[in-house]
Amino acid sequence: MFSGIVQGQAQVKIVEDKPQFRTIQVDLPITAVQDLIVGASVAIDGVCLTATEISGTTVVFDIMGETLSKTTLGNLGAGSFVNFERSLKVTDEVGGHQLSGHVDAVAEIVSINRPENNVVLTCQAPEQCRKYIFNKGFIALNGVSLTLSSVDSVKGTFEIWLIPETLRVTTFGKVSVGDKLNVEIDRATQAIVETVERFLEQKNREQ
């Protein structure tokens with residue numbers, strides 16, 4: 001379980017590809033590997049991965065074909081920067097919203113505006129996620145818990161406003177138009193929407 005409060009950026013050192021399988025070596029800050037053990041979960045750009053090897057500050061993660069096909073991790077190369085978050089402990093403060101690290105789809109940045117002291121990203125929402133996306137709702141992009149500031153249901157786009165601290169801590173300060181972002185929808189919202197849909201379907205069948 002994660003909170004979407006990204007703890008920093010890390011750099012991918014080595015990428016090794018095999019058919020439908022990829023291994024990445026990520027250089028984490030020394031504070032992030034303290035008490036980290038093999039088998040622990042770490043969110044890399046919002047994707048829950050298992051640490052398979054640890055050597056100093058270098059942590060190795062395996063990525064299966066299913067994950068590569070549904071996330072942006074297949075686009076990473078040596079030198080790429082990623083957001084990371086260690087899994088929550090029971091006593092940790094949840095400053096964002098609860099995340100599983102199970103990515104639902106990929107969104108694309110279609111425009112970037114830079115008003116003073118802010119950055120506004122406009123993203124094309126994946127079709128399968130649009131019914132869960134609404135103004136002032138939660139969304140996670142590349143593992144970052146964010147509030148939707150505006151949603152255009154006709155164009156299928158949404159806006160995210162980023163403060164300087166978010167730009168400093170995360171990789172959002174480096175993004176460009178056309179970049180892809182991992183999307184995890186809010187599970188509470190998903191549960192409510194799907195429960196209401198099932199209720200209405202049942203009512204329609206009974207009429």
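**Rings and charges**

Reply: Start with the aromatic pairs: the count is zero. Rings of Phe, Tyr and Trp (its six-membered ring) pair if their centres lie within 6.5 Å; planes under 30 degrees apart are stacked, over 60 edge-to-face, and the rest tilted. This is a predicted model, where local features need pLDDT of at least 70, side-chain atom pairs need pLDDT 80 or more, and totals for chains, interfaces and linings use all residues. Residues are numbered from 1 along each chain as its sequence is written, and side-chain values use heavy atoms, leaving out hydrogens and water.

Me: Which residue lies over the face of phenylalanine 81?

Reply: A charge sits over a ring if NZ of Lys or CZ of Arg is within 6 Å of the ring centre and within 35 degrees of the ring normal. Here lysine 174 takes that place, 4.9 Å from the ring centre of phenylalanine 81.

Me: Now the strands. In what order do the six strands of the barrel close?

Reply: Strands (E, at least two residues) are DSSP runs, numbered from the N terminus. Two of them pair if DSSP finds at least two bridges between them. In this model the barrel order is β1-β2-β5-β4-β3-β6, with antiparallel pairing. From one strand to the next, the twist averages 45 degrees. Axes are lines fitted to C-alpha atoms, and angles run from 0 to 180 degrees between N-to-C directions.

Me: How many bridges join β3 to β4?

Reply: In a regular strand the side chains alternate between the two faces of the sheet. Strand β3 (residues 41–44) pairs with β4 over four bridges, antiparallel. Valine 42 has leucine 49 as its bridge partner in β4. Two residues separate β3 and β4 in their hairpin, and aspartate 45 in the turn has a positive phi of about 50 degrees.

Me: Which strands pair with β12?

Reply: Strand β8 (residues 119–124) pairs with β12 (residues 157–162) over six bridges, antiparallel. There, valine 119 stands opposite leucine 162. Strand β11 (residues 150–152) also pairs with β12 in the antiparallel sense, over three bridges. Four residues lie between β11 and β12 in their hairpin, where glycine 156 takes a positive phi near 70 degrees.

Me: Where is space left inside, and how many cavities are there?

Reply: Rolling a probe the size of a water molecule over the atoms shows where empty space is left. On a 1 Å grid over the protein atoms alone, a cavity is a set of points where a 1.4 Å probe fits but cannot get out; a pocket is an open set with protein on both sides within 12 Å along at least five of seven lines; lining residues have an atom within 4 Å of a point. Grid points join across faces, edges and corners, and a volume is the space filled by probe spheres set on the points. The count is one cavity of 30 Å³ or more. The largest cavity has a volume of about 70 Å³. Strand β13 (residues 180–185) gives the most to its lining, three residues.

Me: What is the volume of the largest pocket?

Reply: About 340 Å³. Its lining has 13 residues, with Asp45, Leu76, Phe81, Asp179 and Lys180 nearest the centre.
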